[in-house]
Amino acid sequence: MLENIAIAIKKGEQIYDLQTAHALGIEGESVHYDNSPDALEVIRHSTAHLMAQAIKKLYPEAKFFVGPTVKEGFYYDFKVEHEIGEGDLKRIEKTMLELAKNKDEIVRIELPRKEVEAKFAGDHLKQAVMSRIVDEKLTVYKQGEFEDLCRGPHLPNTKFVRFFKLTKIAGAYLGGDSNNEMLTRIYGIAFADKESLVNYITMMEEAEKRDHRKLGNELKLFTFREEVGAGFPIWLPAGARLRSRLEQLLYKAHRKRGYEPVRGPEMLRSDLWKVSGHYQNYGENMYFTHIDELEFGVKPMNCVGHIKMYEEDLRSYRDLPIKYFEYGVVHRHEMTGALHGLFRVREFTQDDAHIFCTADQIESQVMEVMDFVDRIMKSFGFQYNMMLSTRPEKAVGEDAVWEKATTALRNAMERNGLVYKVDEGGGAFYGPKIDIKITDAIGREWQCGTVQLDFNLPERFALEYTGEENNKIQPVMIHRAILGSFERFIGILTEHYAGEFPLFVAPTQVAIVPIAESHHAYAKAIAARCIDEGIDTEIYAKNDSLNKRIRTAEKSKVPMLIVLGDEEVANNSVAVRDRRERTQYNMSLDAFITLIKEKMSEIHF
RNA sequence: GCCGGCAUAGCUCAGUUGGCUAGAGCAGCUGAUUUGUAAUCAGCAGGCCCGGGGUUCAAAUCCUCGUGCCGGCACCA
């Protein structure tokens, strides 16, 4: 019944609430009370207001900043004298429901700026809001006793606010500026019907089950310890096996594309970081130490080491492009509040490479990297999109050089028909970049790989190669990482696959369950043969019931499970159990091993 | 770094207004059982209640300072 009710008017791209449409005589298409993006915009905005009304009722001294809708619902930023925590959300929700029962009309009042300024004279937050608006006429919305400066659009009546949930409470800086005071922010979500709300909550719970911190712990992939230090991951055997699989696959892929493996030192003299500009531009993220009298910086990036390798010989145009790659361990001082499982750590390993090439080779090199990226991301079933980031405020080099580099990246992308968005000011301090953002199985976006074009470091280190006419020319550097870091990427993979890794990266390929002690020897023989074939196994031979051991093996999320009894020993076969299908079938050991090897070799980058 | 919350056994969690020897399930160990496809039974062991300082006759519980974690903000692979 509710879905037939119009709650707003849409004209062109603009949504007007009924109050505004009426006041200004606007006509257009009706927006009905449903879960369309337009309707949710209005519903969520009004839910935010109802929340503010409830907060005002519970905390009369409350002052409000802004309460917009966002991709996932809405929030309202406000300030109260009381301390307010997660436990208070329920109370606020309850008050909201009570208020909605009043079925208050939501009234739009248009007033001259001066009057509104006077109305909110004692409210520094509202003054802050108004300072950002240039209009001379402002609107105030009123429902019951509560009124708030707002441009809308809003529902006609608070009775339409029914299916909502307050989800998070957190601090947020006024205007998103860390120099400003901190306000309290409450996030919430709202829908036009109960079912959608329930679905949303279920989705959230699904995401929680995939949390790599939880799965990493359960599957014993990695751990963190307070006494070791925040942000320093410890890779346990299962996680290290998974990681090693990735490393090996990628090693081959790099060699195939003409990259040379190299290895730079963990610490380099600070003088070098001064030449590169890291000392001045990235120093606050770096760790420094002294050896005798000299200051050293622990590397936050691998480029300087690779530059030294380039300098190791005289280079000719015939040598270019030179491609160095390294699983480079870097340390960065991340702020405590930024640390988050494997996604943000202070020590991580990049699948890093630097391509030294001529200006003419930029486009083909960038495209080759893009192709590499495409190959890898598709293997994991990731969708991805790209973002071009331009000169940041803190940067080295001439504007003209930046311009040239940015144009080169643009051209490379456009000539090859690649679609990208632009992030103005998001580049690295030494050059513009293209970031690769992947979308995982449940639709979340993650920043992984990056391709950065750099004219500055070659300049600063006076790199050169000999040209065709025996002249000295400065090479161009392309910094690139594809996974980004093994830490983050494995975190993403864990959530993407919900811990059920495909055969080619799984820590263990085959779980072996011998039925009785008399089958242990056969199990061990299979395990030994598997190692020879590059397959990792785990034998479940504890003194537990067969059912228990199968259950334990299943819960470990190993892709293949085989059961061995008299029959299998006699026939040199295995009983394969499919975890997903819960079916089973027998095959010869040889056929089984061939099958696993085939499945594993299907993936190569 | 900022705001708010949290920290009890290897893991997940109980533990009342401060009050006896801090509990449970899973995991671990020992024994019995030797199993044909998702939890066999019994017993045992396991704790500086995150760390330092304080309040109190008495602290896992209250206060305080650290450390770490969680949710956001700000910052970024």
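**Notebook: the surface near RNA strand B**

I sorted the residues of the surface near RNA strand B and got 20 nonpolar, 16 polar and 22 charged. Nonpolar here covers Ala, Val, Leu, Ile, Met, Phe, Trp, Tyr, Cys and Pro; charged covers Asp, Glu, Lys and Arg; the others, Gly among them, are polar. "Near" asks for a heavy atom within 4 Å of the strand.

The model is predicted, so I kept to pLDDT of at least 70 for local features and 80 or more for side-chain atom pairs, while totals for chains, interfaces and linings use all residues. Residues are numbered from 1 along each chain, chains are lettered from A and ligands numbered from 1 in the order written, and side-chain values use heavy atoms, without hydrogens or water.

I listed 58 residues around RNA strand B, with Tyr173, Gln447, Lys542, Asn543 and Arg551 the closest.

Next I went through the elements, taken as DSSP runs (helices H or I, at least four residues; strands E, at least two). Several supply at least two residues each, including strand S10 (163-173), strand S23 (445-454) and helix H17 (546-555). H17 gives the most, seven residues.

Then I looked up polar contacts (N or O atoms paired within 3.5 Å). The Arg213 side chain has an N or O atom 2.7 Å from a phosphate oxygen of RNA strand B. For the Lys548 side chain, the distance to a phosphate oxygen is 2.5 Å. Asp544 uses a polar backbone atom, 3.4 Å from a base oxygen.

Technical notes: Polar contact = N/O pair within 3.5 Å; in protein donor to acceptor, adjacent residues only side chain to side chain.
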